[in-house]
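Open the structure and find the two chains.

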Amino acid sequence: MDSFQHEAPMIAESRGWLVVPSGHLAVSTVATVDFGGTNAATTLRRGVLMLPGTGLRNGPQDLFVLFSRQCASWGLACLRVDYSFYGDSWPACDQAMQISTLRAEARAALDTFQADFALDELILLGLCTGGEIALSLAQEMPNVVACVLWSTAAVYSPLTPAKRARHAFTMLRMYGRKLFYLATWRKLLRGGVDGAMVRRTLTKRQVAPDSEKQSALGISKRRSGARRVPMLFVYGERDPDRRQAVQYYRRLFPDTAAITTVPKADHNFSSVAWATQATKLTKEWLSRQGLLGRLQQETDHAEGRYGLLSK
Amino acid sequence: MPKEDTVCFQSSGYRLHGIVHEAVGTARTTGLVLLNGWGGYRIGPHRMYVKAARAFAASGFPVLRFDFRGTGESDGTLAGNTAEDVRAFADDTHAAIDFFRQRCAVERVYLLGLCTGGEIAVLYASGVGAVQGLILWSTASHFELFQAEEPMRRLRHYSLVYLRKLTLGSTWRKIIRRGFHVRGVVRTLFADFRGIRRPAQQPTESVGQPNLFSSLRGPVLLVYGTADPPAKPSYSFFETSLQSRRIPYNLHLIEGADASFSSLPFVAEACTSTLSWLTMQA
């Protein structure tokens, strides 16, 4: 199957495969049948591409599944994608993630999505690394009208002494925990612990420079300012990367970025209340941007799961 | 790419979504339905079900893996971690088997489940519906688990768990804010010494002993990791039950593996042992 299908009543859901050079991506689409109802001819067709970080197309705690069904009830077509090496996608072997590959796959999915649904305008929604990819795609797609970025870290984040110290502390804590495992002591007694690796981990010398990521995504301070797409950044208050990311994006997009925080939430908004708050903030922002053309009655069949749609 | 189709079928009015892996080459008349555990998806932990399904399909066994209602992309909601949900999952399993039989012209269906998925498989084969065989990966038996001969094992295991938790900042925050549930900890550690039973939320507890495996038509494969604390009491229980019912079974232990076989060699061994057992049965 080279593409994915979309048909069925009211809120139509389908799953399928999208062929890209790196493999077969598993995709899920949700859409209302008629987009603009009786004014279909004059209403712009909008779609949302949801990009997970390095997880499944479901999103953490099925957040993408639920939010895409909600978006569909507002007249937005939605596409969720498993990158290759993730979820149901091919290839199945385990390889290190290459951000350039993820970006290329997201672009291929976006092109097919746009063509299949004859979309006029696109909204990109990304979580974590998905947000970085969304930012990157927004630079080159003229019909991207908005970006929603959940828990997206600063793409360019210099390794400051504070960050290095925080990293070392986190790693020390992890090693401390490992001392409670019998397997660790067995490894220690057998001389199987790689001291050099531990040192490298603690001093963070093994981490690839962020400039590589910048280059793969094509994001730099100069280029990112080139396109003025409205952006919403949503962070959990307890996300360790929040502070740095907020400073970075406020400086990078002083005119176009709206930045908001969900109190007490973590990186993945992993509680019902936090997920609800993140989606509510997103809905309100999309509405203010005039992107929810036709708010329908929220009668999605998914109503009730985590209570997301009842808010 | 071997043929995989995204599929949708109904169970008690809910739309359930899954993936069918069609057999490569000459299709056998034996197929597998994979059941995920609590909070899991059709993907399985660390994509184990994807890899296993592709390996089985490559050997000629068609496979269906799907999301239970209220999980993943399927419709519905979960009532909570209760026997009610497990009963609903058993209904979903029935719908999945019916769908799979028609879709892939399969005559004999084996259920494969990891952890709670295995318990749902046991529940299903204990009077809910007929099934040819079971493959239970790291499936705990909550009938006999942690009973009289096991309290020391349980105490040792959970003491280590709590000690590890003391290295977490969140644990100390919880203690300082008095959010620490002391009675829960005591119950967890000393339940067996004091004769305290855990809340009756475990799936197989709802199956009466006389019904156990009552609708099972064929053999059982038990696969456990030796580093999984409840493994020994669980497979001992299943062995005793299967022997008393004269149901043929095989036990395969994976040296050093934990409950979710979380390393590539463990997954490979679980798949290989299951595949060779299935080939013998087919």
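In α4(A), Arg164(A), His167(A), Ala168(A), Met171(A), Leu172(A) and Tyr175(A) meet Val198(A), Thr201(A), Leu202(A) and Thr203(A) of α6(A). Contact here means heavy atoms within 4.5 Å. By class, this contact has six nonpolar, three polar and one charged residues. (Ala, Val, Leu, Ile, Met, Phe, Trp, Tyr, Cys and Pro count as nonpolar, Asp, Glu, Lys and Arg as charged, the others, Gly among them, as polar.)

This is a predicted model: local features need pLDDT of at least 70, side-chain atom pairs count only at pLDDT 80 or more, and totals for chains, interfaces and linings use all residues. Residues are numbered from 1 along each chain as its sequence is written, chains are lettered from A and ligands numbered from 1 in the order written, and side-chain values use heavy atoms, leaving out hydrogens and water.

Now turn to the interface. Chain A gives 33 residues to the contact and chain B gives 31 residues. Together they bury about 2700 Å², 51% of it on carbon and sulfur atoms. Buried area is the accessible area (1.4 Å probe) that two parts lose on being put together, summed over both. In chain A, Arg15(A), Trp90(A) and Phe180(A) lose the most area to chain B, together 24% of what that side buries.

What is the count of salt bridges between chain A and chain B? It is six. Each is a side-chain nitrogen of Lys or Arg within 4 Å of a carboxyl oxygen of Asp or Glu. One salt bridge joins the side chains of Arg57(A) and Glu73(B), at 3.2 Å, N to O.

Methods. Helices (H or I, at least four residues) and strands (E, at least two) are DSSP runs, numbered from the N terminus.
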